[in-house]
Amino acid sequence: MDFELPGEDDPRRREVRAWLSAHGRPTGRQLAEAGYVAPHWPTPWGLGADPVLQLVIDDELRRAHVSRPVNPIGIGWAGPTLIHAGTDEQKSRHLLPILSGEEIWCQLFSEPGSGSDLASLSTRAARDGDEYVVNGQKIWTSLGHLARYGILIARTSSSGPKHEGITYFICPMDAPGISVRPIVEMTGDHSFNEVFFDDVRIPVTNRVGAEGDGWKLAKVTLGNERVSLSGEGALWGRGPTATDLLDLVRSRGGLTDAVLRQRLAALYIESEVLRLIRLRTVSAAVAGRQPGPEASIRKAMADEHGQHIMGLAKDLAGTAGLLTDVGPLGAAVGLWQYGYLFSPALTIGGGTAQVQRNIIAERVLGLPHDIEV
Ligand SMILES: Cc1cc2nc3c(=O)[nH]c(=O)nc-3n(C[C@H](O)[C@H](O)[C@H](O)COP(=O)(O)OP(=O)(O)OC[C@H]3O[C@@H](n4cnc5c(N)ncnc54)[C@H](O)[C@@H]3O)c2cc1C
């Protein structure tokens with residue numbers, strides 16, 4: 001699982017560095033046009049970059065303190081689905097503004113009665129000439145209040161197996177008949193919403209794939225979502241890591257409490273196991289192999305690891321942890337308080353912990369299929 005990144009003189013490194021010094025503080029659009037936002041995407045939107053080139057570009061952007069545009073759903077999983085199944089018109093209209101962050105996207109999948117069992121969804125899209133008329137309700141729509149477009153799955157047929165009657169659409173969030181209502185979380189933030197569809201007309205040209213292909217495409221979207229949510233930080237790849245917490249404890253003189261020391265050691269072990277799983281995935285990609293079962297295992301472990309980091313950080317704040325502006329061991333609060341309150345969501349969003357275990361049981365261990373109800 002060992003590999004080395006190309007050295008300082010590598011021509012690929014020099015090329016990225018030259019581009020960055022020529023562009024000073026590049027805009028999202030400049031980064032997108034250069035292919036540096038999602039280098040693994042095919043040209044002309046990406047560079048068709050192999051994993052080594054991707055790591056080199058990441059490295060050089062970090063070194064130059066250049067951040068990529070933030071459009072998690074658009075770049076993480078809507079864009080890849082459009083690349084997979086969108087028409088040429090859909091790709092040329094949408095992919096660049098997704099990459100540049102000029103058009104934020106949301107995901108209109110979950111409904112009040114359909115979360116884990118997404119295929120039972122009941123929002124309907126009825127064909128009417130060159131349009132579909134959509135009626136129903138979605139929930140937990142992250143960024144719905146900021147998004148210009150959403151990826152929408154809706155039922156176009158009720159006859160036959162439930163998975164086969166679903167169709168995938170690009171939904172303009174300003175279409176008449178859409179209302180977006182905020183849901184405020186216990187963090188105090190407003191990041192997700194309820195979205196209501198009342199006779200919303202979506203042109204047939206906004207359909208992705210054929211009618212009835214929606215479930216197949218939703219699986220492409222969800223596969224990309226799981227990979228995107230699996231970085232190193234405690235909060236789906238963002239935020240502090242176990243190492244940050246350990247460094248903080250060290251910098252405050254260490255711990256004498258035996259139970260807290262045990263918990264810190266356990267946290268370190270988890271983070272090392274996750275680091276090795278991540279390295280194995282990168283190493284397999286560098287060798288040209290597809291990621292194996294470690295992607296599901298990593299998501300299941302990383303979500304709980306995030307909760308362990310945030311729970312321990314809160315406990316390390318002691319009674320001061322009851323306040324909202326104190327971090328662990330009296331440190332500045334940073335993301336610790338927000339992260340603690342957000343962390344229960346980690347094992348729900350992007351597929352719950354139990355659903356991940358079903359996937360591992362069936363696809364990795366070869367156990368019998370979950371009972372359909
Ligand atoms: C932070 C966050 C952001 C989100 N953003 C979006 C978004 O942008 N767009 C969107 O469409 N959705 C979004 N979601 C919704 C998310 O996809 C759903 O919450 C998730 O799929 C679970 O569905 P549910 O909440 O309906 O729970 P349910 O499916 O009702 O599950 C309830 C409980 O039953 C368990 N359970 C269900 N089925 C099984 C089974 N077969 N075997 C064992 N246990 C089972 C679950 O694990 C869970 O513990 C978001 C969720 C979170 C937390």
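Q: Is the crossing of α4 and α5 left-handed or right-handed?
A: Left-handed, which for a crossing means the near helix is turned anticlockwise from the far one by less than a right angle; clockwise would be right-handed. Helices here are DSSP runs (H or I, at least four residues), numbered from the N terminus.

Q: Where does this model come from?
A: It's predicted: local features need pLDDT of at least 70, side-chain atom pairs count only at pLDDT 80 or more, and totals for chains, interfaces and linings use all residues. Residues are numbered from 1 along each chain as its sequence is written, and side-chain values use heavy atoms, with hydrogens and water left out.

Q: At what angle do α4 and α5 pack?
A: About 160°, with the axes of α4 (72-85) and α5 (88-100) 10 Å apart. That makes them roughly antiparallel, a label for angles over 145 degrees.

Q: New topic: which residues are closest to the ligand?
A: Ser110, Ser116, Trp140, Thr352 and Gln354, out of 18 surrounding it (a heavy atom within 4 Å counts).

Q: What about phi at His65?
A: Positive, about 55°, although His65 isn't a glycine. You'll find His65 in the loop between α3 and α4.

Notes:
Axes are lines fitted to C-alpha atoms, for helices over the stretch in contact, and angles run from 0 to 180 degrees between N-to-C directions. Helices (H or I, at least four residues) and strands (E, at least two) are DSSP runs, numbered from the N terminus. Angles under 35 degrees count as roughly parallel, over 145 as roughly antiparallel, 65 to 115 as roughly perpendicular and the rest as oblique.
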